[in-house]
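Dear colleague,

My notes on it follow directly after.

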Amino acid sequence: MTAATRERGAVPARRRGVFHPLTVASVERLTDDAVAVTFDVPPELAEEFRFEQGQHITVRRVSGGEEVRRNYSICSPAPDGPLRIGVKRLEGGAFSAFANDELKPGDTVDVMPPLGRFNVPLRPEEARTHVAIAAGSGITPVLSLIATTLRDEPESTFTLVYANRTARDVMFLEELSDLKDVHPARFQLLNVLSREQGEAPLTSGRVDREKLGALLTAIGPAAGVAHWYLCGPLELVDAVRTDLAGRGVPAERIHFELFHVEEGAPPPRRRGKSESAASTRLAFTLDGRTTTVDTDPDEPLLTAALRVRADAPYACRGGVCGTCRARLCEGTVDMPRNYALEPAELAAGYILTCQSRPTSESVTVDYDA
Ligand code: FES
């Protein structure tokens, strides 16, 4: 099977939640506040770290006595590009500041193998139109999507709308220019700058609803686009989804990934007077082993699982990354927030355990499913 025809399930089975120490091969400066970090993957871990376009890794670091986990998207073509991530400095960012200021080749970082479903199976025999809309560091998974798709779907086209404040903030400028040079007829790049004059009025100014509408109209009929990929802050992603829905684009053609979230776990569920905080028995399967623990309606399933299994997988704890995904096999849960699972996954019974609280006496979930 070629890389282009790989289906999502073709990546190797992995032990969820397990970190491996990887050596940093290089740290390249992309902008004043962003770097690309490439890791050396030893031959014995090559299969474990094989990735699909659009996937991310989780890095772990202890900072101020506290464990910090962060997700970063892989920016290389899949499946054989280098394990390379883009790290943009965030205000107060415990890992991003470290990566920008201190990380150097030869250092070791704990890394969880690639995860994520921000992609679609490629179809080399088809000529499809793909469109991505990214802002800031949202370019990172999109770069992998574009490079892989243009290489493995030789008849398809890709349009990227990339929003930044100024030209100095544009990450991976060189890689994007290279892609344009190699695929001049199949790759269209619209760099939109909010605080500088862009190349045309359309590409100058903030991407508000009006600008967004004009950009989407300029791209062409939405019905002709096979897949839309959105990556950026929630406000932008929501605005694009709303606009596309208004243009009749079905939800299954819109794929999105957020790059951060403010909130953590949802607040405790409000119970009616007659409801009590009864105990729930949670059984979860992880790496082939089933463990049980008692929990209650106020506790997210992930928190309960972590009390008895330190390897329960998670990263953001905000309903964004999908690392804590598991299939609900028995019982019911309340999951008020979900920025990670697509409609098909929800229909198949998947939940985010960091956001789900039990609403039945027993709940069974499977992290391996
Ligand atoms: S840990 Fe990120 S969605 Fe649950």
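In which strand does Trp 228 have its place? The residue belongs to strand S10. Please bear in mind throughout that this is a predicted model.

Trp 228 has a relative accessible area of 0%, and because the cut-off for a buried residue is under 20%, Trp 228 counts as buried. Leaving aside residues up to four places away in sequence, Trp 228 is in contact with Val 131, Leu 216, Ala 222, Leu 244, Val 249, Arg 253, Ile 254 and His 255. Between the C-alpha atoms of Trp 228 and Thr 159 there is a separation of 9.7 Å, while 69 residues part the two along the chain.

Thr 159 leads on to a pair of strands. This residue stands opposite Gln 188 in strand S9. The chain passes from S8 to S9 by way of helix H3 (residues 173-182), forming a β-α-β crossover that is right-handed. Strand S8 (residues 157-164) pairs with S9 in the parallel sense, and 7 bridges join them. Of the 7 residues in S9 (residues 187-193), 5 are buried, so this strand is largely enclosed by the rest of the structure.

The largest nonpolar core comes next. As a general point, nonpolar side chains in soluble globular proteins tend to be buried together. This core has 27 residues, and those that touch the most other members are Val 142, Leu 160, Tyr 162 and Phe 187. At least two residues each come from strand S2 (34-40), strand S7 (129-135), helix H2 (139-152), S8, H3, S9 and strand S10 (227-232). The largest contribution to this core is that of H2, with 7 residues.

Helix H6 (residues 301-308) deserves a separate note. Which of its residues are buried? They are Leu 301, Leu 302, Ala 304 and Ala 305. Viewed down the axis of H6, these buried residues fall within an arc of 160°, so they line one face of the helix. The elements that cover them include strand S12 (280-286), strand S13 (289-295), strand S15 (333-334), strand S16 (350-352), strand S17 (357-358) and strand S18 (362-366).

Finally, a word on annotation. An unreviewed UniProt entry assigns residues 17-121 the annotation "domain: FAD-binding FR-type". In the model, that span is 6% helix and 47% strand, and its end C-alpha atoms lie 25 Å apart.

With kind regards

Terms used
Residues are numbered from 1 along each chain as its sequence is written. This is a predicted model: local features need pLDDT of at least 70, side-chain atom pairs count only at pLDDT 80 or more; totals for chains, interfaces and linings use all residues. Side-chain values use heavy atoms; hydrogens and water are left out. Buried means under 20% relative accessible area, exposed over 50%, partly exposed in between (1.4 Å probe, protein chains only). Helices (H or I, at least four residues) and strands (E, at least two) are DSSP runs, numbered from the N terminus. Two strands pair if DSSP finds at least two bridges between them. A crossover is right-handed if, with the strands pointing away from the viewer, the path from the first strand over the helix to the second runs clockwise. UniProt positions are given in the numbering used here, feature names are shortened, and annotations may be inferred rather than shown by experiment. The arc is that of the directions from the helix axis to the C-beta atoms. Contact means heavy atoms within 4.5 Å. A nonpolar core is a set of buried Ala, Val, Leu, Ile, Met, Phe, Trp, Tyr and Cys residues joined through side-chain atoms within 4.5 Å.
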